[in-house]
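Biologist: Could you take me through this structure, one topic at a time? I would like to begin with its pockets.

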Amino acid sequence: MRIGILNVTGYAGLELIRLLAWHPEMQIVAITGRSQAGKSLGEVFPFTGLFPNGGLAAMTITEDITTEVDLVFSGLPHKASAEALLPFIEDGIPVVDIAADFRLHDPETYQEWYQEHPCPEYLESAVFGLTELHREEVQQAKIVANPGCYPTGAILGLAPALAERLIPPAVIVDAKSGISGGGRSLTLTNHYSEVNESVEAYALQGHRHMPEIVQELSEVADTDVQVTFVPHLIPMTRGILATCYATLARSVTQQEVDDLYHARYADEPFVQVLAVSPKTKWTYGSNHCLIHPVVHERTGHLIVTTAIDNLVKGASGQALQNANVMLGLPETMGLEAKPLFP
């Protein structure tokens, strides 16, 4: 399969390069990155010469994809991503958008949180690419919208409880992310001396990932779900830990909750339900989501903790997982790497 990557110089694009270098069925044939156009991948990122496909480092970064491809990944920012993907969409070439442009079904909601959508006519046919919830739709899709990093853990953590009416449609998500979630461009908020030895809550009046969480959890619950979402920036490179809270709708034992979560994710290769609260370090470099549900008997609450690597399951790994499903390949292909520890 011939693969093109838009914006290979961002963190998502680089992570795709790392994962696809070992993929037995996908070959990268085109990579773009306008700030580095004309240079070889190895010139910009010398470590790519260590990858098994020695030709990757010699590939020239171009401004646009002009080579024939079977699927395109986009790591461009929102709006720019949809605009760059539009010619491929019109030609019927499958695309996986790691940006936010096709995640929200409603163009008015997209405009509220981002800006006017460049091609709203394709929102209805795009599939929200949380494979564990929409695998059948992803199999048939030509446009897959990769979920945001924060929504991935939150949705997977709360979906079983909402689907079984174990909790009412009102949840709190407290999530903490490593600095790489903000992208590779330097800003004051990800400057080392600003972030190191400090923790910050931000976007308290509403983060752009919140409408994704609301959209998907509302579909699972078959009713509107109220979400209070508070993201935090943590001085680490990778990882997201999400702690999700909700009042229990009825009396339930820990064993019942454990059975529910184990049954829901028993056949999911990248979701594991743990008996202990996960650490982000346990997911480092892997496409896994770790989940730990707890019944808090004193208060009658359900607490669900999830951990992912924001650049893998929260971005490029999930994108590859979706692409495998779209192209009829084994879902786990190229994603067999296990977490690094410590």
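Modeller: The second largest pocket is lined by 14 residues. Nearest its centre lie Leu-6, Arg-34, Glu-63, Asp-64 and Ala-84. Please keep in mind that this is a predicted model.

Biologist: How much space lies in the second largest pocket?

Modeller: The second largest pocket holds about 220 Å³.

Biologist: And which helix gives the largest share of its lining?

Modeller: That is helix α3, residues 80-90, which supplies three residues.

Biologist: How do the lining residues of that pocket divide by class?

Modeller: Six are nonpolar, five are polar and three are charged.

Biologist: What volume does the largest pocket have?

Modeller: Its volume is about 1200 Å³. The largest pocket is lined by 41 residues, and the closest to its centre are Ser-180, Gly-181, Gly-182, Gly-183 and His-209. The elements that give two or more residues to this lining are α1 (11-20), α6 (149-163) and α10 (312-326).

Biologist: How many of the lining residues of the largest pocket are nonpolar, polar and charged?

Modeller: There are 16 nonpolar, 21 polar and four charged residues in that lining.

Biologist: Let us change topic to helix α8. How many of its residues are buried?

Modeller: Nine of the 12 residues of α8 are buried, so the helix is mostly covered. The buried residues include Met-210, Pro-211, Ile-213 and Leu-217, and also Glu-212 and Glu-216.

Biologist: What covers the buried residues of α8?

Modeller: Among the elements that cover them are the helices α4 (107-113), α5 (131-140) and α6, together with the strands β6 (127-128), β8 (170-177) and β10 (226-233).

Biologist: How far does α8 reach from its first C-alpha to its last?

Modeller: Helix α8, residues 210-221, reaches 16 Å, close to the 16 Å expected at 1.5 Å a residue.

Biologist: Is Asp-222 buried or exposed?

Modeller: Asp-222 counts as exposed because its relative accessibility is 65%, and exposed means over 50%.

Biologist: What about the phi of Ala-203?

Modeller: Phi of Ala-203 is near 50°, again a positive value in a residue other than glycine. Ala-203 sits in the loop between β9 (200-201) and α8. With a relative accessible area of 28%, Ala-203 is partly exposed.

Biologist: Now helix α9, please. How does its span agree with what its 12 residues should give?

Modeller: At 1.5 Å a residue, the 12 residues of α9 (254-265) should span 16 Å, and the end C-alpha atoms are 17 Å apart, which agrees.

Biologist: Which residues of α9 are buried?

Modeller: They are Val-257, Leu-260, Tyr-261 and Tyr-265. Seen down the axis of α9, these buried residues fall within an arc of 105°, so they line one face of the helix. What covers them includes α6 and the strands β12 (271-273), β13 (289-296) and β14 (301-308).

Biologist: One last topic, the peptide bonds. Which residues does a cis peptide bond join?

Modeller: A cis peptide bond joins Phe-341 and Pro-342, with omega about 0°. Pro-342 is found in the segment after α10.

Key: Residues are numbered from 1 along each chain as its sequence is written. This is a predicted model: local features need pLDDT of at least 70, side-chain atom pairs count only at pLDDT 80 or more; totals for chains, interfaces and linings use all residues. Side-chain values use heavy atoms; hydrogens and water are left out. On a 1 Å grid over the protein atoms alone, a cavity is a set of points where a 1.4 Å probe fits but cannot get out, and a pocket is an open set with protein on both sides within 12 Å along at least five of seven lines; lining residues have an atom within 4 Å of a point. Grid points are joined across faces, edges and corners, and a volume is the space filled by probe spheres set on the points. Helices (H or I, at least four residues) and strands (E, at least two) are DSSP runs, numbered from the N terminus. Ala, Val, Leu, Ile, Met, Phe, Trp, Tyr, Cys and Pro count as nonpolar, Asp, Glu, Lys and Arg as charged, and the others, Gly among them, as polar. The expected span of a helix is 1.5 Å times one less than its number of residues. Buried means under 20% relative accessible area, exposed over 50%, partly exposed in between (1.4 Å probe, protein chains only). The arc is that of the directions from the helix axis to the C-beta atoms. Contact means heavy atoms within 4.5 Å.
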